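Subject: Structure for you to look at

Hello,

I am passing on the structure we spoke of. Please open it first, then read the notes below it.

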Amino acid sequence: DEKVRTSNPFVLGRRLRVRYAPAGVIGVIGPWNYPLTNSFGDCIPALAAGNSVVLKPASITPLTSELMREGLLECGLPEDVYQVVVGPGSSIGNALIDAVDGIMFTGSTEVGKRVMERASQTLTPVSLELGGKDPMIVLRDADLERAANAAAFYSMQNGGQTCISVERVYVEEPVYDEFVAKLTEKIDALRQGVPGDPATVEVGAITSPEQGEIVARHVDDARARGARILVGGKRGDGRGDFYEPTLIADADHSMLCMTEETFGPTVPVMRVRDADEAVRWANDSPYGLQSSVWTGDTQRGRRLARKLEAGVCCVNDACINYVALELPMGGWKESGLGSRHGADGIRKYTRRQTVLITPGPLAMKRELHMFPYSERNTGLIRRSLKTLYGRGKRD
């Protein structure tokens, strides 16, 4: 329970509480790109809030969730508290939404809208972490070496298959060429292949063949519209569905790689005149999940962060906010509804109940505001309001 203080003198002496009660059974529908962190990871706060959980992992990455179920049973978790159901979202996902008391969905905006529509039929609360097209703004006074290292890592980490990865970069004109040169060198040095011994490869394969098709289409579109492909730009070799780490220079908003979620090992870079133009282009998107600003003036970076339409903005950093679990993480616009992490990341799996208690010794037989009305009581209330809230004489 949470104690609440009030500034209203008419309820002084009462005890005010907010009780957070478990919602019941929570359904978690997880994505394929992070089958532990963003699937079972969303079950942890739901369980901590006192609920049972039914997890539906993505159809192409179900085994991690099942492994966690077996492990939790060995640790003594009651058998029915955490369950896993596997199958196509079109049938099992709908049945799950119909049956539970709350839904946490991570995935595409398109599917998230269908989840919300289905949940509306039963007024089931939903929390959605959806797509992103996360902008990175590099100003002329930024540490270009650090910014280029970050752009290389946060665009290519996990094969670029991260909702909060750097998906588009806007660089001020005076430092554009220098930044692109640094980034070209770093992307070109990346090693791609099947994971083996430690420190042998940096970039792995595309998890879903369908996603590989999207990546190829975005790169081909950029090339056809006049962008320069400085590194990569084609499917990779080896046992697996690889697409080469790709750097796209001279990009603009006529290209799919700057406007649609790519979700692969690509990083498009666009030249801008100044910070204001960068912010305008960064906000020119239906998405608003993650963003970053890179500048030597952190106060200016903080001001620009407040202009960006995104649930998260890092200044001289990117994505690392995700591991600070005290911080809420959620999207604006079509990037989601609600948030994970922070206090709300647990409370969203509860029902709130307000409890007001008037102690017996304070309880009057009849309060001033109760029936029957009297001239005396009305005068007392009027004088009390004037004393507490009056702002001087009136005509």
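**Around strand β4**

Val-54 stands opposite Gln-83 in β5. The model is predicted: local features need pLDDT of at least 70, side-chain atom pairs count only at pLDDT 80 or more, and totals for chains, interfaces and linings use all residues. Residues are numbered from 1 along each chain as its sequence is written, and side-chain values use heavy atoms, with hydrogens and water left out.

β4 (residues 52-56) and β5 (residues 82-84) run parallel and are joined by three bridges. Strands here are DSSP runs of E, at least two residues, and helices are runs of H or I, at least four residues, both numbered from the N terminus; two strands pair if DSSP finds at least two bridges between them. β4 also pairs with β3 (residues 25-29), in the parallel sense and over five bridges. In that pairing, Ser-52 of β4 is the bridge partner of Val-25.

Two right-handed β-α-β units share this strand: β3, helix α1 (residues 36-48) and β4 make one, and β4, helix α2 (residues 63-74) and β5 make another. Right-handed means that, with the strands pointing away from the viewer, the path from the first strand over the helix to the second runs clockwise. Four of the five residues of β4 are buried (under 20% relative accessible area; exposed is over 50%, partly exposed in between; 1.4 Å probe, protein chains only).

**The seven-stranded sheet**

An open sheet of mixed pairing has seven strands in the order β10-β11-β12-β9-β8-β14-β15. β10 (228-231) and β15 (314-315) are at its edges with a single partner strand each, so one side of each has no neighbour in the sheet. β10 pairs with β11 (residues 246-249) in the antiparallel sense over three bridges, and Ile-229 has Ile-248 in β11 as its bridge partner.

Helix α7 (residues 209-224) packs on this sheet and touches β10, β11 and β12 (266-272), a contact being heavy atoms within 4.5 Å.

**Thr-295**

Thr-295 is in the loop between β14 (292-294) and α10 (298-305). Thr-295 is buried, with a relative accessible area of 3%. Its side chain makes a polar contact with the side chain of Asp-141 at 2.9 Å (a pair of N or O atoms within 3.5 Å; within protein, one must be able to donate a hydrogen and the other to accept it, and residues adjacent in sequence count only if both atoms are side-chain atoms). Leaving aside neighbours within four places in sequence, the contacts of Thr-295 include Leu-139, Gly-301 and Val-315.

Regards

Notes: Axes fitted to C-alpha atoms, helices over the stretch in contact; angles between N-to-C directions.
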